[in-house]
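Open your viewer and have the selection tool ready.

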Amino acid sequence: MADENNAAGAPQPTGPVFQLQRVYLKDSSLELPHAPNIFLEQEPPQVDVQLEVGNDKIVDGIYEITVRVTVTAKIKDKVLFLVEGKQGGIFEMRGIPNDQFEAVAGIVCPGIVYPYLRANVADLISRTGLPPIHLAEINFEAMFQQRLAQQQANPALITPATTTPQ
């Protein structure tokens, strides 16, 4: 029987490994370019949300998955606020078959990281004295499938996953 222990005597994993190591707020910014005058406006703002998912290999088997959001709220033609946030997660992913790795990195990992980003964005906006914006739930599987379809239609198009949630 083959020895299943490493040099330190710890058992080696025999199957795929998927483990969250850390979740952290990588970047955030908030701008209120027309404050305080914009607070006198009575109309409700129009809100635009842009979302992007990225992944980078840190070292063998360790990956950083990021979810970035940009929220712009306007009243008429003036920006009420602009919030950008980037939430990161470090994941250990080993032994995952190549045909499944992109789905894990593009669906499962962002689904874990995104709730933290939602909370951070809501908190940041509420600190302005404005009511918080609660970002919608995201179907990362649909977003991933949409990106795959775009790549199949145009193989030269290999960009980070970007969408505008409805």
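Start by selecting β3 and β4, which form a hairpin with two residues between them. In that turn, click on Lys76: its phi is positive, about 60°. Strands here are DSSP E runs of at least two residues, and helices are H or I runs of at least four, numbered from the N terminus.

This is a predicted model, where local features need pLDDT of at least 70 and side-chain atom pairs count only at 80 or more, while totals for chains, interfaces and linings use all residues. Residues are numbered from 1 along each chain as its sequence is written, and side-chain values use heavy atoms, without hydrogens or water.

Now follow the pairing, which requires at least two DSSP bridges between two strands. Strand β3 (residues 62-75) runs antiparallel to β4 over 14 bridges; pick Glu64 and you will find Ile90 as its bridge partner in β4.

Move on to helix α1 (residues 98-126) and center on Val104, where α1 bends by about 40°. That bend is the angle between axes fitted to the seven residues ending there and the seven starting there.

Finally, color by pLDDT, the predictor's confidence in each residue from 0 to 100. The chain averages 88, and 86% of the residues score at least 70.
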